[in-house]
Amino acid sequence: MLNKVLLIGNLGKDPDIRTSESGVSRANFTLATNENYKDRNGDWQKSTEWHDVVLWRGLADRSKTLRKGMLVYIEGKLTHRKWVDKEGKEHYSAEVTVDMLKILEKRESSNPHDPTTQPGDVKDNLPGTQGFSSHVDEDDLPF
């Protein structure tokens, strides 16, 4: 059996980092992934999916460097939680629990074609993702 999630997207907000009473760090943020497609009329449309992301322990501590808008690659698993609020109503959520995090670019270098981009602005690259941007045409993706 396999439960594996791979996402490349932009942080929707700065991580919310908390430490439990037992000293375990947990970070939460949302991640936006985009899909471009042509509708029936041949017009390009953009669809954004939002993912709730959770990092634990060392990864949560490392997430202090992350900021809203940064492009990241994450690997993890899909987890589901159920809880009951103060009024007794049941709630459910689906989250990606992260095992690996790679920063693909800093927020200030979101345009890889910007002449002011400095060498080293893209950090922790994955093979084949040099200069990857959320603005890349879907037909240009290597996978």
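**I74 and its surroundings**

Leaving aside residues up to four places away in sequence, I74 touches V5, L6, L7, L31, V53, V96, V98, M100 and L101; contact here means heavy atoms within 4.5 Å. The model is predicted: local features need a pLDDT of at least 70, side-chain atom pairs count only at pLDDT 80 or more, and totals for chains, interfaces and linings use all residues. Residues are numbered from 1 along each chain as its sequence is written, and side-chain values use heavy atoms, with hydrogens and water left out.

The chain has one helix and six strands, and from the N terminus on these elements run β-β-β-β-α-β-β. Helices (H or I, at least four residues) and strands (E, at least two) are DSSP runs, numbered from the N terminus. Residues 24 or more positions apart account for 54% of the contacts in the chain with a separation of 6 or more. Of the 143 residues, 31% count as buried, where buried means under 20% relative accessible area and exposed over 50%, with partly exposed in between (1.4 Å probe, protein chains only).

I74 belongs to the largest nonpolar core, which has 18 residues; I74, L31, L55, L66, V72 and L101 are the ones with the most contacts inside it. Such a core is a set of buried Ala, Val, Leu, Ile, Met, Phe, Trp, Tyr and Cys residues joined through side-chain atoms within 4.5 Å. Two or more residues of this core come from each of β1, β3, β4 (44-56), α1 (57-62), β5 and β6 (90-105). The largest share, four residues, is given by β6. In soluble globular proteins, nonpolar side chains tend to be buried together.

Strand β1 (residues 5-11) is largely enclosed by the rest of the structure, because five of its seven residues are buried. β1 pairs with strand β5 (residues 71-84) in the antiparallel sense over six bridges; two strands count as paired if DSSP finds at least two bridges between them. Within this pairing, G9 has V72 of β5 as its bridge partner. β1 also runs antiparallel to strand β3 (residues 25-38), to which two bridges join it. There, N10 stands opposite A32 and L11 stands opposite L31.

Strand β2 (residues 16-19) pairs with β3 in the antiparallel sense over four bridges, and the bridge partner of T19 in β3 is S25. β2 and β3 form a hairpin with five residues between them, and G23 in the turn has a positive phi of about 90°. On to β4, β3 is joined by 13 bridges, and these two strands run antiparallel. T33 stands opposite E49 in β4. The hairpin of β3 and β4 has five residues between the strands, with G42 taking a positive phi near 85°.

R26 is placed in β3, whereas E95 lies in β6. Their side chains are joined by a polar contact of 3.5 Å, the term standing for a pair of N or O atoms within 3.5 Å; within protein, one must be able to donate a hydrogen and the other to accept it, and residues adjacent in sequence count only if both atoms are side-chain atoms. E95 counts as buried because its relative accessible area is 7%. Beyond four places in sequence, E95 is in contact with R26, N28, D52, V54, K77, L78, T79 and R81. The C-alpha atoms of E95 and V54 are separated by 6.7 Å, although the two are 41 residues apart along the chain. The contacts of R26, counted with the same exclusion, are D16, I17, R18, V54, L55, W56, A60, R81 and E95.

R57 lies in α1 and has a phi near 50°, a positive value in a residue other than glycine. Most residues other than glycine have a negative phi. R57 is exposed, with a relative accessible area of 52%. S63 lies in the loop between α1 and β5 and is buried, at 0% relative accessibility.

The last point is confidence. The chain averages a pLDDT of 80, and 73% of the residues score at least 70; pLDDT is the predictor's confidence in each residue, from 0 to 100. Over residues 109-143 the pLDDT is below 50, and this stretch has 38 contacts in the model beyond near neighbours in sequence. Where pLDDT is low, the predicted coordinates should not be read in detail.
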